[in-house]
Amino acid sequence: MLQKKMKYIIVAALLLALPLVFIGNSYFLLLLCTGMIYVIAVSGLDLLFGYSGQISLGHAGFFAIGAYTSAILSIKLGIPVVFSMLFAAGLATMFAVLIALPAARLVHHFLALITISFGEIVYLFVAHADPLTNGFSGIGFIPSPSLGFLVFDTNMKYYYFLLVIVAVLLLFKNRIIRSRTGRAIIAVRENIYASDGIGINVKNYKILSFALSAFYTGLAGALYAHLIGFISPESFTLNQSIIFLTMLLLGGMGNFYGPIIGALVLTLGTEYLQVLGNYQMLVYGSLLLLIVVFIPSGLINVVNLRDLKKILHKRTTVKENDANA
Amino acid sequence: MIGSIYGLIAMGYSLIYSASGLLSFTQGELLMFGAFLGLTFYKYANLPFVISIALTIAIMFMVGVFIESFIIRKLVKAKANLIFIVLATIALSIVLKNFAMLVWGSNVFQFPQIFKTGFVKIGDVNVDPTSIMAIVVAFIAMLILHFFMNKTRFGTSMRAAAQNPLAAKTMAINVSRTTYVTWGLASALAGIAGFLIGPVYGVHLEMGTMIGLKGFAAAVIGGYGNMYGAIIGSFIIGIVETFTAAYISSIYKDVISFLVLIAFLILKPRGIFNSKVYDEE
């Protein structure tokens, strides 16, 4: 127990000290911040796809709603950023419930379709509703968030701001999954009829997971807007939804660490793949295809130490058997 | 015009769905691919129109067979969750799109005019002859498919395999062959559609994505898995779109199409011709 606590303390200390290493490298910090935002968004998708088994190809829509709502509220109405972010996440949640009400009944490919349509509608709206969203020119000069006298205006400060949020959200996610609600959500994923039979309200739990998921992704969108300070419709296309899915599948779904690994690996990885230029999406597509065909359970299960030990152990016993024979 | 293109795409979706209960998101990209192939044969290789469309169809058929036997079959054999198969087709569509970018680049290409005259007068309206040709060819393709499915031995065995693979197998039908032929046909249909729409809207990388989604919408509206429903659904979507563009705004024509789709998914998810869509039945 003490050892376990020590482990957490060490991890926390490392995370806190990490920016100090890159003190002159503001760009790398920005990259880390982006990665952490993706961790939040992908964790949201994980709650939906990983735990409740419902696919969404429209998460860029929630991301966009979060980003645009928070940006517009803070610029046009001067609402403090922290509140505008929460409001934005709330609005994304509301949209999710609206979508989920009919969508929760559909089989997955129709669900995929309705979420794609949702994402496309949000994208088209954002791109063409000029008076509100400034169309393709995008919205610039989005203010940084602040808490009292603390203003998170540099990448370093934003890193710590995000660290706290990510920690809170991930712990909360873990709490939900292990609660009665979480178990019900997983039960629905595993077997709809059985969970219906033991008195779980299937529809409500599906809608709930949609709502939770959208809250995470919407908040991530808002955090993204205030980090970069500029948003335009190109960041919220169907490609973005697919990138979220690739991250989730790469890391491994229905898992605490999966989204973290997937989001960080791909964010940093793409940065170094910048040399590929236009071929980036080709890499993403091929990667997604390879993952789906060969390692559908994600990286986390490939490099799972306990399994590795088991496999090694099996090998040795097999060898022993061979020797005996 | 646009309705008949959607029709070809939607029929592809329905074919695949009724044959294997699977859903492919690659149709739109296959259309783009077919358009590029057609462009290559017709414009750069200078082949006659009929030969280049035949070549396009043949190659697209092979592409469909290839997709089924190397990706889809593997996933089905591994008893993968349906969601993963959907995801694989999405991944495949990204790969196709970017592969096309590697080969042909990301410019918009003009298809050379197929007919010498600019316009044909029908009554008081000037109509582009390529559009008429598109409608005619699409209609012929639909008719051929109809007769193939209903009047030939192989078509009948395809329908049998789709209805009940096990029973079909006991009747000595080669189910694995009917499955890949189905995928091949769907892909060929998308190829034809691409070839037909190329001269009207130009050939570029993004051309397939939206049409693919709309074709999907059409298939849903008609009742998923029903070939004839797909055609009717396509004309509904085509008409809705054209009227929106004419009377409301061309910017929002896509939005309206999606709203119609969502409305159908909510109110009448079985489409005009009932088909099974619910998760819990």
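The axes of helix α11 (residues 238–251) of chain A and helix α13 (residues 280–294) of chain A come within 10 Å and cross at roughly 40°, where axes are lines fitted to C-alpha atoms, for helices over the stretch in contact, and angles run from 0 to 180 degrees between N-to-C directions. That angle makes α11(A) oblique to α13(A), since angles under 35 degrees count as roughly parallel, over 145 as roughly antiparallel, 65 to 115 as roughly perpendicular and the rest as oblique. The structure is a predicted model, in which local features need pLDDT of at least 70 and side-chain atom pairs count only at pLDDT 80 or more, while totals for chains, interfaces and linings use all residues. Residues are numbered from 1 along each chain as its sequence is written, with chains lettered from A and ligands numbered from 1 in the order in which they are written.

In chain B, helix α3 (residues 49–77) and helix α8 (residues 175–201) have axes that come within 7 Å and cross at roughly 140°, which makes α3(B) oblique to α8(B). The two pairs are set out below.

| Helix pair | Axes come within | Crossing angle |
|---|---|---|
| α11(A) and α13(A) | 10 Å | roughly 40° |
| α3(B) and α8(B) | 7 Å | roughly 140° |

The crossing of α11(A) with α13(A) is left-handed, whereas that of α3(B) and α8(B) is right-handed. On the α11(A) side, residues including Ile242(A) and Leu249(A) meet residues of α13(A), among them Tyr284(A) and Leu288(A), a contact being counted if the C-beta atoms of two residues, placed from the backbone, lie within 7 Å. The residues of this contact of α11(A) with α13(A) divide into 10 nonpolar, two polar and no charged. Here Ala, Val, Leu, Ile, Met, Phe, Trp, Tyr, Cys and Pro count as nonpolar, Asp, Glu, Lys and Arg as charged, and the others, Gly among them, as polar.

Chain B has 11 helices and two strands, these being DSSP runs numbered from the N terminus (H or I, at least four residues, for helices; E, at least two, for strands). The contact between the chains takes 35 residues from chain B and 33 residues from chain A. On the side of chain B that touches chain A, α4(B) gives the most, with 14 residues, and by class that side has 30 nonpolar, one polar and four charged residues.

Technical notes:
A crossing is left-handed if the near helix is turned anticlockwise from the far one by less than a right angle, and right-handed if clockwise.
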